[in-house]
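Thanks for coming, everyone. I'll take one chain today and walk through it part by part. Have a look at it first.

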Amino acid sequence: MKKTWEGILPVYKPAGFTSHDVVAKARRLLGMKRIGHTGTLDPQVTGVLPLCLGRATRVVEYLQEQPKEYQATLRLGLATDTEDMTGTVVEEADAQAVTEEEAAVVLRRFTGVISQVPPMYSAVKVEGKRLYELAREGKTVERKSREVTIYELEMNSFAKNDTYTDVSFRVLCSKGTYIRTLCVDIGRELGYPSTMVRLERTMSAGITADRCLTFEDIERCMADGSLEERLIPVDEAVAFMPAHTVVKQKAAAAIQGQRLSPGAVLPPVEHDLPIRLYREDGQFLGIFGRDPESHAVTAIKVFLPEQ
């Protein structure tokens with residue numbers, strides 16, 4: 001009988017793989033089709049790529065919305081058409097004059113809510129066509145700026161190399177942030193052309209790189225039977241949602257998708273954001289939410305207990 005996997009498989013994506021490549025390889029290794037990833041990484045980028053297995057694919061939308069952390073390096077004195085080292089150099093300048101103190105001051109200016117213009121080499125759609133498709137045709141189109149949030153931004157290292165200067169930093173940011181564009185904008189603020197030369201995602205959906213498995217790790221765990229213990233349970237993966245308990249006599253009604261009166265859930269739900277709902281014995285029942293008008297608690301995604 002084929003094994004049915006369920007949970008979050010924290011994968012460390014190697015360079016040279018698209019996110020879809022990682023999903024395809026995981027499907028082959030695990031022998032299952034129902035796998036979804038929680039946020040695209042460019043092929044040259046490494047790092048955390050949580051995969052949702054089986055019924056866990058139903059929480060992809062929640063995990064995608066969570067903040068992400070990256071370690072990045074930008075190079076001052078060099079600009080490319082893709083904003084990273086995969087592109088063609090379009091501008092060069094001597095960036096030896098910039099100081100570490102100047103760079104640190106500028107980095108601090110980028111914390112908070114900032115506006116970004118998506119790069120031409122991105123998957124954003126304009127009039128039904130991906131920007132990177134237009135870019136490959138040699139076209140440049142106007143893009144609307146979008147707001148993203150930089151929660152934390154700190155310099156890790158500062159190094160001069162020939163005519164260039166490399167600035168490495170850690171950034172914690174909201175979904176939709178283009179780190180390539182952040183590198184270019186930081187360089188522009190400093191008065192130099194710049195591009196991203198390295199990027200690693202070190203945290204996504206609260207899952208850090210030290211919890212992740214390489215493909216080799218996955219194969220080894222499959223062979224020795226330890227993979228299941230490396231999977232992150234669905235309710236742990238959405239631990240950013242508050243936990244509540246349904247009273248014993250209403251647990252069956254909750255599973256059946258019936259509306260629960262405010263008094264049937266403890267502690268009382270005082271907001272309209274999604275919650276994790278448990279039985280009194282600790283069994284996770286699913287993701288529920290409060291109706292803004294009646295305040296009744298209703299099912300959003302039910303996870304039936306294992307029989």
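Is Cys 173 buried or exposed? Cys 173 is buried, at 1% relative accessibility. The cut-offs: buried means under 20% relative accessible area, exposed over 50%, and partly exposed in between, with a 1.4 Å probe and protein chains only.

Before going on, the ground rules. This is a predicted model, where local features need pLDDT of at least 70, side-chain atom pairs count only at pLDDT 80 or more, and totals for chains, interfaces and linings use all residues. Residues are numbered from 1 along each chain as its sequence is written, and side-chain values use heavy atoms, leaving out hydrogens and water.

For Cys 173, the nearest cysteine sulfur belongs to Cys 183 and is 11 Å away.

Now the whole chain. The protein chain has nine helices and 18 strands. Those are DSSP runs, numbered from the N terminus: helices are H or I with at least four residues, strands are E with at least two. The C-alpha atoms fill a box of roughly 70 × 50 × 40 Å along the principal axes. Of the 307 residues, 49% are buried. The chain exposes about 15,300 Å², and carbon and sulfur atoms supply 48% of that. Areas come from the Shrake-Rupley method with a 1.4 Å probe; for residues, only the protein chains shown count as cover. Take contacts between residues at least 6 apart in sequence: 67% of them join residues at least 24 apart. Contact means heavy atoms within 4.5 Å.

On to the inside. In soluble globular proteins, nonpolar side chains tend to be buried together. A nonpolar core, as used here, is a set of buried Ala, Val, Leu, Ile, Met, Phe, Trp, Tyr and Cys residues joined through side-chain atoms within 4.5 Å. The largest one has 29 residues. Which of them touch the most other members? Leu 76, Phe 169, Val 171, Ile 179, Leu 182, Ile 186 and Leu 190. Elements giving two or more residues to this core include strand S4 (68-76), helix H3 (100-109) and helix H5 (179-190). H5 gives the largest share, five residues. Take Leu 190: beyond its neighbours within four places in sequence, Leu 190 contacts Leu 76, Val 98, Glu 102, Ala 103 and Val 106. There is also a second, separate core of 20 residues, with Val 48, Val 234, Tyr 278 and Phe 284 among them.

Now the annotations. UniProt, in an unreviewed entry, places "domain: tRNA pseudouridylate synthase B C-terminal" at residues 180-238. UniProt positions are in the numbering used here, feature names are shortened, and annotations may be inferred rather than shown by experiment. That span is 49% helix and 22% strand, and its end C-alpha atoms lie 28 Å apart. Ala 237 sits in helix H8 (residues 234-237). Ala 237 is buried, at 6% relative accessible area. Leaving aside neighbours within four places in sequence, Ala 237 contacts Ile 8, Leu 63, Ala 205 and Ile 232. Ala 237 and Cys 52 are 185 residues apart in sequence, yet 9.8 Å apart in space, C-alpha to C-alpha.

The unreviewed UniProt entry also places an "active site" feature at Asp 42. Where is Asp 42? In the loop between strand S2 (35-37) and strand S3 (46-53). Asp 42 is partly exposed, at 30% relative accessibility. Not counting residues up to four places away in sequence, Asp 42 touches Lys 13, Phe 17 and Arg 180.

Last stop, a sheet. Five strands form an open sheet with mixed pairing, in the order S15-S14-S16-S17-S18. Two strands pair if DSSP finds at least two bridges between them. S15 (265-266) and S18 (297-302) stand at the edges with a single partner strand each, so one side of each is left without a neighbour in the sheet. S14 (residues 243-246) and S15 run antiparallel, joined by two bridges. In one of these strands, S15, Leu 266 is the bridge partner of Thr 245.

Key:
Disulfide = S-S within 2.5 Å.
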